[in-house]
Every structure is written in C-alpha cells, then in structure tokens.
Amino acid sequence: MANELKLQEFNKYGTKPSSKRKGHGFTTKCASLIKEQRARVYILRRCATMLLCWYIHGDD
C-alpha cells in the first residue's frame, strides 16, 4: 500500500522521542549523579550522628 500514512509520536517539545539534544544527556547525568551523592552523604551524616548520640548517652 503506497498511500499508507506513517504516524510518528512526538513529545511535548515537538520532536521525536528517539532524537536527543546535544549536551542535554550529559547535564541530566551530572545532575543525577550529584543528587545521588548528596543523598548518600545525607544518610551517612544521619547515621554518624545517631551512633554518636548513642555513644554519648549510653554512659548514663
């Protein structure tokens, strides 16, 4: 069928989902890594604080 219409999906920016903008992937990856590292530091800080409190108040 020569007259078939091919439907293409577009995202909210009006581009095909498979196409990527240059530099956008790198920025997203960096932001993701920074967010993950901040979460890890937060968890480590909370754990260290909790252990220190248990150590200090454990002598009562």
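Of the protein's 60 residues, 0% count as buried, where buried means under 20% relative accessible area, exposed over 50%, and partly exposed in between (1.4 Å probe, protein chains only). This is a predicted model, with local features needing pLDDT of at least 70 and side-chain atom pairs counting only at pLDDT 80 or more, while totals for chains, interfaces and linings use all residues. Residues are numbered from 1 along each chain as its sequence is written, and side-chain values use heavy atoms, with hydrogens and water left out.

The accessible surface comes to about 6600 Å² (Shrake-Rupley method, 1.4 Å probe; for residues, only the protein chains shown count as cover). Carbon and sulfur atoms account for 62% of that surface.

Helix α1 covers residues 24–57, L51 among them. At 54% relative accessibility, L51 counts as exposed. Together with M50 and W54, L51 forms a nonpolar surface patch of about 370 Å² accessible area. Patches of this kind take residues with over 30% relative accessible area and no salt bridge, joining nonpolar side chains (Val, Leu, Ile, Met, Phe, Trp, Tyr) within 5 Å, and like charges within 9 Å.

R40 pairs with E36, their closest N and O atoms sitting 2.8 Å apart. Both residues belong to helix α1, four residues apart, or about one turn. R40 counts as partly exposed because its relative accessibility is 48%, and so does E36, at 36%.

Definitions and conventions
Salt bridge = Lys/Arg side-chain N within 4 Å of Asp/Glu carboxyl O. Helix = DSSP H or I, 4+ residues; strand = E, 2+ residues; numbered from the N terminus.
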